[in-house]
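Here is a short report on a single chain.

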Amino acid sequence: MSTVQSVDRALDLLEALAAHGGEAGISELAAATGLPYGTIHRLLRTLLDRGYVRQESDRRYALGGALVRLGGVAERMVGVWAQPYLQRMVELSGETANMAVLEGDFIVYVAQVPSPRRLRMFAEVGRRVLPHSTAVGKVLLADRPDTEVASLVGRTGMPRRTANTITDLAGMLAELERVRERGYAMDLGEEELGVHCLAVGVRDGARMVAAMSVSGPAERIDALDREELAAGMRKIARDFGAELGGALGSGGR
């Protein structure tokens, strides 16, 4: 099926705005998309009228509020699609499995399948936390350039959640490099004492769109073979990413 050029170009503009942190000028959009200025102006007028873009007082353009409504619905749908894959992670580990995304500067938990064990960990769906002290946050930050990570933690700070929390930028950048090298992240009591967590990324093609994790009491997580668990989780995350990419590419399931 052939694509509709104007729709492709409008989506290119929205993605370019997102890549620039949600706000950009016409020249930045032209450089990012390769579109002529006149085409950009025409597309932006339509997006402005529909609320998907807004114009700031300095004449720069920003993502609009209409996207929040779509994003909320899409987030709930992705959480539903993730359930069978999270269930596989529970079966693999015996522990609670979660999925989270990076929204702005915060990690938001969007899906969970609890462990069948009586003593188990819960991260409430909808809970928002800063990324520096969680395994899911580290996985998602590790996919970003160090300059972007520095900007984010510069805005939010790195408050100490426990005695184990990394609270300085140099320490976090070194930790993120370890995440990139081994392909998974750990939270060793950094968000909550006595709770350990292992997380892997979910990719929709080239983009990392979410993180999946298993969490439980420290002694139970530490008793698992970390590399074997991470390998199994990466396989499940790849399977989910392939389904998610196919669903988005075809306009739905």
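## Strand β9 and its surroundings

N98 has S213 as its bridge partner in β9. The model is a predicted one.

S213 lies in strand β9. Is this residue, S213, buried or exposed? S213 has a relative accessibility of 1%, and the cut-off for buried is under 20%, so S213 counts as buried. Beyond its neighbours within four places in sequence, S213 is in contact with T96, A97, N98, V136, C197, L198, A199 and M233.

Nine of the eleven residues of β9 are buried, so the rest of the structure largely encloses β9.

## Pairing on both sides

Strands of a sheet pair through backbone hydrogen bonds, in either a parallel or an antiparallel sense. Here β9 (residues 207-217) pairs with β4 (residues 96-103) in the antiparallel sense, over five bridges. Strand β8 (residues 195-204) also runs antiparallel to β9, and ten bridges join the two. Individual bridge partners are listed below.

| Residue | Bridge partner in β9 |
|---|---|
| T96 | S215 |
| N98 | S213 |
| V200 | M212 |

Strands β8 and β9 form a hairpin with two residues between the strands. In that hairpin, G205 takes a positive phi near 70 degrees.

## The sheet

Where does β9 sit in the strand order? The order is β6-β5-β4-β9-β8-β7, an open sheet of six strands with antiparallel pairing. The edge strands are β6 (128-129) and β7 (185-188), and each of them pairs on one side only.

## The whole chain

The secondary structure of the chain comes to nine helices and nine strands. The radius of gyration is 20 Å, close to the 18 Å given by the globule rule for 253 residues, so the chain is as compact as a globular protein of that length. Along the principal axes, the C-alpha atoms fill a box of roughly 60 × 40 × 30 Å.

Buried residues make up 45% of the 253 residues. Take the contacts between residues at least 6 apart in sequence: 57% of them join residues at least 24 apart.

Now the surface. The chain exposes about 12900 Å², and carbon and sulfur atoms supply 53% of that area. As for charge, the chain has 31 positive and 33 negative charges, and their mean positions are 4 Å apart.

Notes. Residues numbered from 1 in each chain as written. Predicted model: local features only at pLDDT ≥ 70, side-chain atom pairs only at ≥ 80, totals over all residues. Heavy atoms only, no water. Helix = DSSP H or I, 4+ residues; strand = E, 2+ residues; numbered from the N terminus. Rg over C-alpha atoms; globule rule 2.2 N^0.38 Å. Buried < 20%, exposed > 50% of the residue type's maximum accessible area, 1.4 Å probe, protein only. Contact = heavy atoms within 4.5 Å. Areas by Shrake-Rupley, 256 points an atom, 1.4 Å probe, with all protein chains shown as cover. Lys, Arg positive; Asp, Glu negative; His and termini not counted. Charge placed at Lys NZ, Arg CZ, Asp CG, Glu CD. Pairing = 2+ DSSP bridges.
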